[in-house]
Amino acid sequence: METKTPRHSEAVIADIMMPHHANGLRPASVFGGVILSMMDRCAGLSAVRYAGGQATTLSIDKVLFKEPIRTGQLVEMRARVVHVGRTSMSIMVDVFAEDIATGRRRHTNECWLTFVRLDDEGRPCPVPALMLETPEDHRLHAIAARRREHALAEREKG
Ligand SMILES: CC(C)(COP(=O)(O)OP(=O)(O)OC[C@H]1O[C@@H](n2cnc3c(N)ncnc32)[C@H](O)[C@@H]1OP(=O)(O)O)[C@@H](O)C(=O)NCCC(=O)NCCS
């Protein structure tokens, strides 16, 4: 069976937050839905890169907006696969906001998503096995395993 590491799945996207991304508050900050959409796209890129085929979003887990992101700032997202089942992939996305003029960079969010690999008929199909390389890989894998266990228990309850 094919094996990949979290490194194979790394995906990065970045965008400057423009006035049309704002939520209408003063001082202007970015609408949460813009960040969610970017997270989903970045995780999707990571999922397809890892799976080697198409994949769809199954869930976007709890997202905490710890600090506002201002318009004019550069948002960078970094995603990687941290746990896999047979057909599903748990993906963690880190979000950073940079004040471009000063270079000051903040870690504003992290988000966990689950994607499922799909075959050409749109049915779930197997993903490569995940090989963990670093202590950080093991730490994130353990967290994702606990999250998955909890989600599957909730699914059982209906
Ligand atoms: C993703 C989808 C194909 C899965 O369908 P399904 O009938 O649940 O398929 P399965 O039962 O085979 O489950 C597929 C995988 O998802 C996992 N899964 C399904 N429901 C889950 C849940 N509630 N929590 C955690 N994992 C879940 C399964 O454990 C399995 O993973 P595994 O093979 O690694 O164990 C289906 O839910 C779907 O098409 N959803 C819509 C996706 C979409 O439109 N996304 C965009 C949103 S706008």
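Guide: Let's start with a term: a nonpolar core is a set of buried Ala, Val, Leu, Ile, Met, Phe, Trp, Tyr and Cys residues joined through C-beta atoms within 7 Å. The model is predicted, with local features needing pLDDT of at least 70 and side-chain atom pairs pLDDT 80 or more, while totals for chains, interfaces and linings use all residues. Numbering runs from 1 along each chain as its sequence is written.

Visitor: Which residues touch the most other members of the largest nonpolar core?

Guide: M39, A43, M89, I91 and V93, out of 34 residues in that core. At least two residues each come from α1 (32-51), β4 (74-84), β5 (88-98), β6 and α2. α1 gives the largest share, eight residues. Those element names are DSSP runs numbered from the N terminus: helices are H or I of at least four residues, strands E of at least two.

Visitor: What is V93 in contact with, leaving aside its neighbours within four places in sequence?

Guide: Contact needs C-beta atoms, placed from the backbone, within 7 Å. By that rule V93 is in contact with M39, C42, A43, M77, R78, A79, E110, C111 and L113.

Visitor: Why is one side of β2 and of β3 left without a neighbour in the sheet?

Guide: Strands pair if DSSP finds at least two bridges between them. The five strands form an open antiparallel sheet, ordered β2-β4-β5-β6-β3. β2 and β3 stand at the edges with a single partner strand each, so one side of each has no neighbour there. β3 and β6 are joined by five bridges, so they pass the pairing rule of at least two. Within β6, V116 is the bridge partner of T56.

Visitor: How do the helices lie on the strands?

Guide: α1 lies across β2, β3, β4, β5 and β6, at about 45° to β4. α2 lies across β4, β5 and β6, at about 75° to β4. Axes are lines fitted to C-alpha atoms, for helices over the stretch in contact, and angles run from 0 to 180 degrees between N-to-C directions.

Visitor: Which residues come nearest to the ligand?

Guide: G85, R86, T87, S88 and A151, among 13 residues around the ligand. The test is a C-beta atom, placed from the backbone, within 6 Å. β3 (55-60), β6 (105-117) and α2 (135-157) each give two or more residues to that shell.

Terms used. A residue is buried if 20 or more other C-beta atoms lie within 10 Å of its own, exposed if 12 or fewer, and partly exposed in between; C-beta atoms are placed from the backbone. Two residues are in contact if their C-beta atoms, placed from the backbone, lie within 7 Å.
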